[in-house]
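Please look over the sequence and the fold shown below before reading on.

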Amino acid sequence: VTADFEAALQSPVPSFDGKYIAVINALGLSIRLTVNGDEIQSYVLPPGFAHSCRFIRWYPTRAGEATTGSDWNNVSHDSGRSSQLLLADDAKIVVYDVTKPQAYAEITGATSLTKLASIDFGYTPDEIIVLSDFGWKLQIWSLTTKRAVEIKDPKSVASSYSYRPRTGHLALLTRPAAHDFLLIMAPDSHEILSTWELATIDARGVKYSPDVWQEEIGPSLGRRYAEARQPAVSPSQEHFPTSKEKLVGVGPMKFNVDGTLLASKSSATPSTVWIHSLETGRTLTALIHHSPITLLRWHHAIHDLLLLQCATPEPTVYLWKANWPNPRIYNLPLKAPMGQSKASWLSSTENTISFMLSNANQTAIERLTLDGETTNWQGDGNGLGPEAMFDEGNSLDLSPVRSSGDGAYPNETTTLGLSTQLGHSLDIEDTFQFRRHGQAVT
């Protein structure tokens, strides 16, 4: 393997999942497995192309983050095509799929008067973005239609564009005259949806933030998460004057059960939780709330499920799960006066998720489906069911739990609220506010 790599005409380039290595040598393009160095595919390149090739780009394979032209550790929304790569010089672009014995596509004449400043895959593996030198034009080539959309006067930096996570909207910086402009373009068609003149002298880059969710409070204290409008600003310490002292630094920080996710809170913005992927080294989302976060607790078995509480007078619990379309807020039937309440995970089944919220005199238990929907659970015969509701001193309150996980204000569904005198204290934490990243920020 070492001898073959020494014969390479330029540095070998690994794929984003670390499975393949692309090597250009005098014989052509060689694709090798990283596990054992075996060659699985070889391609004969056009005459002179091995020496003139300036770019080798793999299609990214990671999902859930924003894609920018300058950062190739970003997202893939089509992991089934992660075996695709492109080679390019100033006259020709050749696309390969390592599962196929021949070139997948070829583009000629992408530039004529200038050199290529940068080239990348777009939001999908069937899109190629070509940025000409000197900011002359930007082209978005479709390998499906074999046509290109051309935008004049883009900013001549590789970070001049960014794709919105999950939707594929394209944000692009342009400078047609003496001012910077930001364009928002639709997926697939690349129709221009919005244009803004920027109050910048020379914008150097644009990037969509991760999904950001923000807590909203509606009529009758109904709570829900909604995508935050941009620019999104997290409330600072000064917004919460009841704090006894000004804190500095980051904390608490909570790792999930398998060590792949980290939830953190900064003292500077005490109502915001940041959730990070330790596998990609990137922020997945931010959750912004109306009150400081008091508790962060990962589930003991479901690795991507996070429970939060905030310093609110209402009996409210917040949940985030990576594959839910939005985070959820649950109002449990604890009666006033509340006092200090704390939430805790309970044992779950293969089809349900359970947690409880308690204060000095009351406990409410909630069971959810794996999608976060409330269930009509009525107890399990162990003193936590309707049969105990008339026992003196241990009465059950079958009040509804309100869930606002569907993006609308809560609809009431029946669940179990248990009132009981606790003989022990619960060691739990509190925390929460939620925002979803998804807008261009210069």
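Two strands are said to pair if DSSP finds at least two bridges between them, and helices (H or I, at least four residues) and strands (E, at least two) are themselves DSSP runs, numbered from the N terminus. What is shown is a predicted model, in which local features need a pLDDT of at least 70 and side-chain atom pairs count only at pLDDT 80 or more, while totals for chains, interfaces and linings use all residues. Residues are numbered from 1 along each chain as its sequence is written, and side-chain values use heavy atoms, with hydrogens and water left out.

With these words in hand, the chain can be described as a whole. The chain holds 2 helices and 36 strands. Of its 442 residues, 52% are buried, where buried means under 20% relative accessible area, exposed means over 50%, and partly exposed lies in between (1.4 Å probe, protein chains only). The chain exposes about 20300 Å², of which carbon and sulfur atoms supply 52%; accessible areas come from the Shrake-Rupley method with a 1.4 Å probe, and for residues only the protein chains shown count as cover. If a contact is taken as heavy atoms within 4.5 Å, then 51% of the contacts in the chain with a separation of 6 or more are between residues 24 or more positions apart.

How far can the coordinates be trusted? The predictor's confidence in each residue is the pLDDT, which runs from 0 to 100; the chain averages 74, and 71% of the residues score at least 70. Over residues 62-81 the pLDDT is below 50, although this stretch has 72 contacts in the model beyond near neighbours in sequence. The pLDDT is also below 50 over residues 380-442, a stretch with 245 contacts of that kind in the model. Where pLDDT is low, the predicted coordinates should not be read in detail.

An open sheet of 4 strands has the order S1-S2-S3-S4, with antiparallel pairing. Its edge strands are strand S1 (13-14) and strand S4 (39-43), each of which pairs on one side only. Strand S1 and strand S2 (residues 20-25) are antiparallel and share 2 bridges, and Val13 has Ala22 in S2 as its bridge partner. Strands S3 and S4 are likewise paired in the antiparallel sense, over 4 bridges, with Ser42 in S4 as the bridge partner of Ser30. A hairpin is formed by S3 and S4 with 5 residues between them, and in its turn Gly37 has a positive phi of about 80°.

Which residues have the most contacts inside the largest nonpolar core? They are Leu29, Ile31, Leu85 and Leu87, in a core of 18 residues; a nonpolar core is a set of buried Ala, Val, Leu, Ile, Met, Phe, Trp, Tyr and Cys residues joined through side-chain atoms within 4.5 Å. At least two residues of this core come from each of S2, strand S3 (28-33), helix H2 (49-52), strand S5 (55-58), strand S7 (84-88) and strand S8 (92-97), and S2 gives the largest share, 3 residues. Leaving aside neighbours within four places in sequence, Ile31 is in contact with several residues, including Tyr20, Ile21, Trp58, Leu85 and Val98. In soluble globular proteins, nonpolar side chains tend to be buried together.

S25 pairs with strand S26 (residues 305-310) in the antiparallel sense over 5 bridges, a hairpin of 6 residues joins the two, and Arg297 stands opposite Leu307 in S26.

Some loop residues also deserve a look. Lys146, in the loop between strand S12 (137-142) and strand S13 (147-152), has a positive phi of about 60° although it is not a glycine, and Lys146 is exposed, with a relative accessible area of 65%. His190, in the loop between strand S16 (181-185) and strand S17 (192-197), has a positive phi near 60°, but His190 is buried, with a relative accessible area of 9%.
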